[in-house]
Structures are given as structure tokens and as C-alpha cells.
Amino acid sequence: MSSLSTRIVQISAVLLAAGYIGVYATGRASAPIRSDGFSYYVYLPSWFIFGDPTLAAVAHDCCGGEFPEYTAIVRWPGTRQWVNAHPIGVAIMQAPVFLAAHGLTKWSNLSADGFTLYYQHAAGLSGLIWTVAGLWVLRGLLRRHFIEGVTAATLLVVLFGTSLFHYATYDSTYSHAYSFFLFSAFLDVTERWHRHPSRGLSILVGLAGGLIVLTRHTNVLFLLVFALYGVTGRSSLGATIERFRTHWRELAVVFVSATAVVAPQLAIYYQATGHALVSPYGALGFDFGAPRLFGVLFSVQKGVFFWSPLLLLGVVGLAMARQTVRPFLLPVAVFLVVNTYLIASWWDWQFGGSYGHRGFVDSLPIFALGIATVFEWSARQPVRRAVTALAAGVLVALSIFQMLQYWNGVIPISDTTWGQYRAAFLRFR
Amino acid sequence: MLAGVLILSGALAYLREPPWLASLESGFGAWEKDFEGVPYRWTSGRASFFVPADAAAVRIPLRSEVATPVSPAVVSVTVDDRLAEQLKVTDGRWQDCRVRLPPARSRRLRRIDLHVTRTYGGTNGLQVREIEVIRATVPGS
């Protein structure tokens with residue numbers, strides 16, 4: 001008999017599959033490889049179909065030699081080579097299903113150009129599969145610290161009370177489902193490494209860390225979690241440094257494996273620009289002097305706590321954390337603060353069209369640790385438990401409803417005003 | 001294990017040439033009407049569709065909005081990945097691209113691919129009107 005949290009992951013997989021089929025069977029979304037999803041994916045046809053790392057051949061085949069403007073794939077000044085603002089991590093993680101789709105495409109005599117039916121849904125389903133994998137890994141991490149019921153409730157809230165379900169189905173070719181898995185995996189292997197460092201775990205830490213950087217470059221900040229795990233004060237900082245010194249061989253394996261994972265991206269940048277480290281966004285960038293902190297946290301436009309208020313429980317829970325997840329506290333707090341500042345300083349702080357603020361989907365495994373802490377605290381007392389369950393239930397229902405509104409076009413994709421929100425509140429059309 | 005192999009084999013046999021394949025297209029936009037009221041669709045840089053294996057030819061009325069005598073667009077038409085016709089388009093006039101289909105092999109459907117070397121903004125390739133499938137003439141019919 002499988003445990004409650006295992007069943008929750010299984011049921012989540014079924015509901016995600018149903019949601020995915022619903023999105024595409026009802027025509028609510030156009031083909032999965034679209035918008036940013038195109039740029040994340042385009043490496044695969046380029047590598048495997050055209051044998052060309054420069055993206056030139058796929059540009060010729062798909063687009064008459066010029067990538068559409070929305071793709072953010074631009075010709076680098078000076079070299080005239082294509083540079084993609086979206087790195088290769090998502091494509092690497094999509095590769096297994098892409099190759100299966102390529103075989104099926106040949107078998108069925110569809111056009112093997114990288115964008116016909118099977119490629120489209122392989123890319124779409126890949127994000128869903130990695131989300132389920134992320135839930136599974138997160139379940140394992142939570143179970144080391146919390147009881148079955150708390151773990152199960154946390155997984156439900158993270159999937160249905162935030163925009164994760166949306167990014168696992170409707171916009172599953174974006175990077176967020178992949179980062180959700182990678183953040184879960186990195187938290188998991190970081191904790192295991194610090195408890196019992198080994199060669200195998202070192203490779204996993206390096207692999208997950210490298211892929212995190214390859215999937216979204218600014219998430220390199222998340223690697224702080226490994227460096228600062230267990231640091232709660234001056235004495236624990238000394239213990240952490242001593243642990244690294246004692247296990248320098250394992251640390252070297254982490255470094256080498258992470259470098260090996262990241263190296264192909266640096267080679268691609270070097271080939272295209274003559275530099276291994278570049279800002280592929282060109283002139284678009286950060287305005288660190290005027291961060292839109294209120295906007296990204298609380299605004300009706302895209303505020304993460306406005307659209308996913310259950311995540312406030314995560315913040316409260318992290319502040320409450322004592323023994324259980326305390327070793328994570330300092331590094332994840334530093335990451336959340338710096339990452340929020342980065343997101344708020346980006347020229348397009350709303351991150352374009354999205355349900356909720358998609359910049360925070362990657363960090364949901366962190367919030368899960370805090371949410372579970374609150375659930376555990378509330379489970380100790382019947383009245384607290386009832387109030388928390390009722391509030392969480394209502395907010396999960398609201399989140400699902402608002403996601404369906406977004407799918408129906410009732411909620412604008414960006415720049416939502418308070419008037420628009422009030423007019424659309426609890427309306428399907 | 002055996003059940004898995006049987007299900008996979010059955011699925012692959014079905015997907016070899018499923019019934020819905022005949023109506024499957026890719027790379028075509030929604031139908032629009034030109035100033036004469038004639039329906040047409042945009043393609044992207046590449047578009048594909050299927051025709052019955054007993055078709056003798058297809059007629060594809062097309063035009064390019066970006067082609068000029070100085071910068072022509074080259075349209076390639078392949079049948080099951082074999083080049084069947086190549087056409088240089090030098091202006092925006094409608095023209096017919098007629099493609100004779102080579103004899104069919106084992107499949108019930110042939111795949112026709114259209115590829116154009118120039119697009120507008122990387123997304124819009126050719127404008128294509130209703131494609132006519134010309135069946136082989138059966139003697140005595």
C-alpha cells in the first residue's frame with residue numbers, strides 16, 4: 001500500500017495530464033512550442049536534425065533565415081552569429097522525449113522538421129513530466145522532516161495553490177517547470193551531501209547545480225544553498241568551512257561535474273560572440289537603482305503574494321523554522337531576498353505575459369519547506385488545524401479558479417488593473 | 001512486461017498511418033480573405049500536408065509578399081522528402097505551382113512539404129489558396 005504523499009504525487013500526475021489534455025483539446029492554447037518555449041526548445045532541432053550548433057540551419061528551415069522578434073534570438077553585432085537569450089538547459093532536459101518524438105515522426109511519415117505534432121507535444125509533456133519528478137523529489141525531501149499528512153498537504157498546496165499547475169500544463173515549455181524540479185533536487189542532494197558526503201552525491205550536486213545555471217542563468221544564486229547550508233551563526237560557519245576542507249576531494253568532484261555541465265553553453269557563447277561570458281539579452285537588462293519590489297510582491301499586476309497568497313505561509317513558516325529545516329534557513333533567505341531584488345530590477349519586472357509572477361515558480365520548493373513548517377505547527381492543535389485547512393482550501397480553490405479565468409482570457413496576461421480584477425472576480429467570462 | 005510490449009507494438013502499428021493523418025497539417029495559419037474575397041492562408045517558412053497516395057498531382061496557388069526581382073524567394077516542394085518542384089518567385093502575383101506526384105510506395109498517404117527561403121518577420125512565408133488534389137484518371141471512367 002503506497003503512502004498518502006506517494007498517492008498525492010500519483011494523483012497529481014493524473015490531474016496534470018488531464019489539465020494538459022484539456023488545455024489543448026479545447027483550443028485554449030496554441031501549439032506548445034511558442035513564445036519563450038520556442039527559444040528554449042530550438043536547440044534540439046538544430047543539434048539533432050540539422051547537426052548545427054549555430055542555429056543558422058534551423059533559422060533557414062523554419063523561418064526563412066530570420067528568427068521572429070519574439071524569440072529573443074538575435075544576430076550578435078560583429079560576428080552576425082545567432083545568440084539565443086534562453087540557454088540550453090531546458091533543451092537538454094527535453095532531449096529524451098524529443099528523440100522519442102523524432103523516431104515516432106519518422107515512423108508516421110510526418111515532417112521531421114522539429115515542429116510538427118509529435119515534437120510539439122513531446123516538448124509540452126516534457127515540462128509536465130519534470131514537474132511530477134520535482135513533486136516526487138520534493139516529497140522525499142519533505143518526508144525527511146515532516147509527517148505524511150503534512151507532506152501530502154504541502155504538495156497539494158504547492159501544485160494547486162500557486163501557478164505551478166499552469167506552468168506544468170499551459171506554459172509547460174517555459175523554463176519554470178524544469179527549474180522547479182532542479183531546485184527540489186538541489187535542496188535534496190545538498191542536504192544529503194552535507195550529512196554524508198560521497199562521490200556519487202557530489203556528482204549529483206554538480207549535475208543539478210550545473211543544470212540550474214544552464215536553465216536560467218540568474219539562478220546561479222541558488223548555488224549559495226550548497227555553500228551556506230547549515231550556517232546559522234559564526235560557529236556553524238566554521239563547522240561548514242571545516243566540512244568543506246575535510247571533504248575537499250568530494251568538493252572538487254562537485255566543481256568538476258558542474259563545470260562539465262556548464263561548459264557547452266560557454267562554448268556556444270564563445271563560438272557566437274568570441275566571448276565565453278556574455279549577456280545574451282543585449283541592451284535589455286537590470287535597473288538596480290529602481291527595483292519594483294512592491295510590484296513583484298504585492299501588486300494586482302503580477303504580485304506573487306497577490307496571485308498566490310498561500311506563499312505567505314511559506315515565508316511565515318521559514319521564519320518559524322527551528323530544528324527541522326533550520327540548516328536551509330540562512331541560504332534560502334539570502335537567495336529569496338537577492339532573487340526578489342533581481343526580479344524587481346529586471347526591465348520587464350512582470351516577466352511578460354504570465355499567470356501570477358512566473359519568476360517565483362522556480363523557488364516553490366523553498367516555500368514548500370516553510371508551508372510544511374506552518375502545517376506541522378497547526379496540526380498540533382485541532383482549532384489551528386481546522387482554521388489553517390479552511391484557509392488553505394479556500395485559497396487553493398481561488399488559485400485554481402483564477403488560473404481557469406486566465407486560460408479563458410478573462411484575466412489579462414499582464415498589466416492587470418485593480419478595476420479589471422474586481423470586474424472579473426469569480427466570473428468565468 | 002509482455003502486456004507492455006503488446007501495448008507498445010499496438011500503439012506503433014496504429015501510429016504508422018492513423019486515420020486522422022489525412023487531415024493533419026502543420027505550418028499553416030488561419031484562413032483569411034484577400035481583397036478579392038478569395039480565401040488564403042499564410043504558411044510559415046515550412047508547411048506540410050498529406051494527400052491520398054492515388055493522387056496524380058497537386059496544384060498549389062501561392063504568392064510571396066516579400067519576393068522581388070532583386071531578392072526572389074525560392075519555393076521548394078517535396079513529396080515524402082524528395083524534391084519534386086522548385087519555383088523562383090520574384091513578385092507578389094498569384095501563381096500556380098503544379099507538382100506531379102511520383103508513384104506511391106507502401107503508404108496510403110503522401111506528405112507534401114512547402115519550404116520558402118524568405119519570410120516576413122520570420123513568421124509569414126507564403127500566401128496559399130485552396131490546394132487542389134488531382135486524382136489519377138482511371139481508364140474507362
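Which residues does Phe186(A) touch, not counting residues up to four places away in sequence? The legends below refer to a predicted model.

**View 1. Surroundings of Phe186(A) in the largest nonpolar core.** Setting aside residues up to four places away in sequence, Phe186(A) touches Ala208(A), Gly209(A), Ile212(A), Phe222(A) and Val225(A). Phe186(A) and Val225(A) are the residues with the most contacts inside the largest nonpolar core, which has 124 residues. Helix H6 of chain A, residues 117–143, gives the most to this core, with 15 residues. A second, separate core has 22 residues, including Phe49(B), Ala67(B), Leu87(B) and Val128(B). In soluble globular proteins, nonpolar side chains tend to be buried together.

**View 2. Packing of helices H5 and H10 of chain A.** H5 covers residues 89–108 and H10 covers residues 199–215. Their axes are 6 Å apart and meet at an angle of about 115°, so H5(A) and H10(A) are roughly perpendicular to each other. On the H5(A) side the residues are Gly89(A), Val90(A) and Ile92(A); on the H10(A) side they are Leu211(A), Leu214(A) and Thr215(A). The contact of H5(A) with H10(A) has four nonpolar residues, two polar residues and no charged ones.

**View 3. Packing of helices H18 and H19 of chain A.** These helices span residues 364–379 and 382–407, respectively. The angle between them is about 140°, with the axes 7 Å apart, and H18(A) and H19(A) are therefore oblique to each other. Phe375(A), Ser378(A) and Ala379(A) of H18(A) make the contact with Arg384(A), Arg385(A) and Thr388(A) of H19(A). By class, the residues of this contact divide into two nonpolar, two polar and two charged.

View 4. Trp307(A) has 27 other C-beta atoms within 10 Å; the cut-off for a buried residue is 20 or more, so Trp307(A) is buried. Leaving aside neighbours within four places in sequence, Trp307(A) is in contact with Ser163(A), Gly356(A), His357(A) and Gln402(A). For reference, Ile21(A) is 286 residues from Trp307(A) in sequence, and the C-alpha to C-alpha separation of the pair is 24 Å.

**View 5. Contact between chain A and chain B.** In this contact, 18 residues of chain A are paired against 22 residues of chain B. Helix H4 (56–63) and H5 of chain A each supply at least two residues of the side of chain A that touches chain B. That side of chain A has eight nonpolar, six polar and four charged residues. The predictor gives the complex an ipTM of 0.93 and a pTM of 0.95.

**View 6. Chain B, with one helix and nine strands.** Along the sequence, the elements of chain B follow the pattern α-β-β-β-β-β-β-β-β-β. Taken along the principal axes, the C-alpha atoms of chain B fill a box of roughly 60 × 45 × 30 Å. Of the 141 residues in chain B, 29% are buried. Among contacts in chain B with a separation of 6 or more, 68% are between residues 24 or more positions apart. The mean pLDDT of chain B is 92, and 97% of its residues reach 70 or more.

Note on methods. Residues are numbered from 1 along each chain as its sequence is written. Chains are lettered from A and ligands numbered from 1 in the order in which they are written. This is a predicted model: local features need pLDDT of at least 70, side-chain atom pairs count only at pLDDT 80 or more; totals for chains, interfaces and linings use all residues. Axes are lines fitted to C-alpha atoms, for helices over the stretch in contact, and angles run from 0 to 180 degrees between N-to-C directions. Helices (H or I, at least four residues) and strands (E, at least two) are DSSP runs, numbered from the N terminus. Angles under 35 degrees count as roughly parallel, over 145 as roughly antiparallel, 65 to 115 as roughly perpendicular and the rest as oblique. Two residues are in contact if their C-beta atoms, placed from the backbone, lie within 7 Å. Ala, Val, Leu, Ile, Met, Phe, Trp, Tyr, Cys and Pro count as nonpolar, Asp, Glu, Lys and Arg as charged, and the others, Gly among them, as polar. A nonpolar core is a set of buried Ala, Val, Leu, Ile, Met, Phe, Trp, Tyr and Cys residues joined through C-beta atoms within 7 Å. A residue is buried if 20 or more other C-beta atoms lie within 10 Å of its own, exposed if 12 or fewer, and partly exposed in between; C-beta atoms are placed from the backbone. pLDDT is the predictor's confidence in each residue, from 0 to 100.
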